[in-house]
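I opened a new structure today and kept notes as I went. Here is what I looked up.

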Amino acid sequence: MRDLILITARGGSKGLPGKNIRPLNGRPLIYYTLDAACAVAAKDNICVSTDSDDIIRVVNQYGIDVPFKRPAALAADTSGSYEVILHALNYYEQQGIRYDRVILLQPTSPFRTGAHVRDAVALYEPGLDMVVSVKISKANPYFNLFEENKDGLLTRSKGVGNARRQDCPVAYEYNGAIYVMNVESLKVRPHTEFSKIKKYLMSERDSLDIDTKLDWLVAEAILSEEDAL
C-alpha cells in the first residue's frame with residue numbers, strides 16, 4: 001500500500017502562539033514529528049500542510065520540501081481536519097499520485113516515535129476505516145463521568161455505576177498522535193464518522209499532546225529528566 005504521511009501544522013495558536021516551531025529542549029516542536037515521519041517514509045511521501053511561511057521555512061531547514069501552502073480558508077479556528085486531508089489528497093491526485101492510506105500525525109505529540117507509527121500501521125488490515133492511537137482514559141462513563149438530567153441533577157453517564165474503578169470496563173480516549181486512515185473510506189465520509197476502527201494503545205507519557213502552557217512545561221520536564229539520566 002502507498003502511504004501519505006500528512007502533518008497538519010496551522011500557524012495560529014491561541015494557547016501557545018507559534019507552538020509548532022517553538023523550541024522544545026532546543027529543537028522546534030515540529031521536528032519531533034518530522035523525525036517520526038522520516039523513520040517510516042521517504043521524504044517524497046511526507047506532506048506538511050500549513051498556512052504559515054515561518055513553519056514552511058523551519059520545515060525546509062529540516063530538509064523537507066513543503067509542496068503547497070494551505071489556503072487561508074482551511075486555516076481558520078473553525079477549519080476541520082477532514083477538509084485539510086481532502087485538500088492534500090486532491091493536490092497529489094492532480095499530480096497523478098494516488099495514495100491508499102493517509103497517516104495523519106499532529107505536530108504536538110513530541111513523544112510519538114517512528115516505532116509507534118510502524119506498530120500502528122502493522123495493525124491495519126483490509127476492511128478497516130482507521131487505526132487510531134489511544135490511551136487509557138482517567139475519566140470513565142461507568143465511574144466518574146456524569147451528565148445533568150432534566151431536573152438539574154447529576155446522573156452517571158453510562159450504567160448504574162460501580163463502587164470501584166477496577167470493576168468498570170476500560171475506557172479509551174484518542175490521544176491525537178496517530179491516525180492511519182483508509183483513503184477510500186475518507187472519500188465517503190469524514191474520519192469522525194468512521195465505524196470500523198481499531199485501537200493502537202500508547203502509554204500516558206508517549207500520549208502527551210501539547211495544547212497548553214502546562215503541557216509544554218510537562219514535556220520540558222520529561223525531556224530534561226531523561227537527558228540527565
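Predicted model: local features only at pLDDT ≥ 70, side-chain atom pairs only at ≥ 80, totals over all residues.

Entry 1: I then looked up the strand order. Six strands form an open sheet in the order E4-E1-E5-E9-E6-E10. The pairing is mixed. Which strands stand at the edges? I found E4 (46-49) and E10 (197-201) there. Each has a single partner strand, so one side of each lacks a neighbour in the sheet.

**Entry 2: strand E5 and its partners.** I went to E5, residues 101-105. E5 runs parallel to E1, and five bridges join the two. Leu-6 stands opposite Leu-104 of E5. With E9 (residues 172-182), E5 pairs in the antiparallel sense, over four bridges. I wrote down two bridge partners in E9: Met-181 for Val-102, and Asn-182 for Arg-101.

**Entry 3: is E5 covered or open?** I checked burial next. E5 is mostly covered, with five of its five residues buried. Arg-101, Ile-103 and Leu-105 point one way from the strand. Val-102 and Leu-104 point the other way.

**Entry 4: helices on the sheet.** H1 (residues 29-38) lies across E1 (3-8), E4 and E5. H1 runs at about 175° to E1. H3 (residues 81-94) packs on the sheet as well, touching E1, E4, E5 and E9. The direction of H3 makes about 135° with that of E1. How many residues of H1 are buried? I read eight of the 10, so H1 is largely enclosed by the rest of the structure. Among them are Leu-29, Ile-30, Tyr-31 and Tyr-32.

Entry 5: The structure holds 12 salt bridges. I picked Asp-3 with Arg-101, whose closest N and O atoms are 2.7 Å apart. Asp-3 lies in E1 and Arg-101 in E5, so the pair ties together parts that are 98 residues apart in sequence. Why does Asp-3 count as buried? The cut-off is under 20% relative accessible area, and Asp-3 has 17%. Arg-101 has 9%, so Arg-101 counts as buried too.

**Entry 6: salt bridges with partly exposed residues.** I turned to Arg-57 and Asp-54, with closest N and O atoms 3.8 Å apart. Both lie in helix H2 (residues 53-62), three residues apart, about one turn of the helix. Arg-57 is partly exposed at 40%, and Asp-54 is partly exposed at 43%.

Then I took Lys-198 and Glu-125, whose closest N and O atoms are 3.7 Å apart. This pair links distant parts of the chain, 73 residues apart. Lys-198 is in E10, and Glu-125 is in the loop between H4 (114-122) and E6. Lys-198 is partly exposed at 32%, and Glu-125 is partly exposed at 38%. I also noted a network of salt bridges that links Glu-93, Arg-98 and Lys-187.

**Entry 7: a nonpolar patch.** Which residues make the nonpolar patch of about 370 Å²? I listed Ile-136, Val-170, Tyr-172 and Leu-201. Ile-136 lies in E6 (residues 130-136). Ile-136 is partly exposed, with a relative accessible area of 46%.

Key: Residues numbered from 1 in each chain as written. Heavy atoms only, no water. Pairing = 2+ DSSP bridges. Contact = heavy atoms within 4.5 Å. Axes fitted to C-alpha atoms, helices over the stretch in contact; angles between N-to-C directions. Patch = residues over 30% accessible without salt bridge, like charges linked within 9 Å, V, L, I, M, F, W, Y side chains within 5 Å. Areas by Shrake-Rupley, 256 points an atom, 1.4 Å probe, with all protein chains shown as cover. Salt bridge = Lys/Arg side-chain N within 4 Å of Asp/Glu carboxyl O. Buried < 20%, exposed > 50% of the residue type's maximum accessible area, 1.4 Å probe, protein only.
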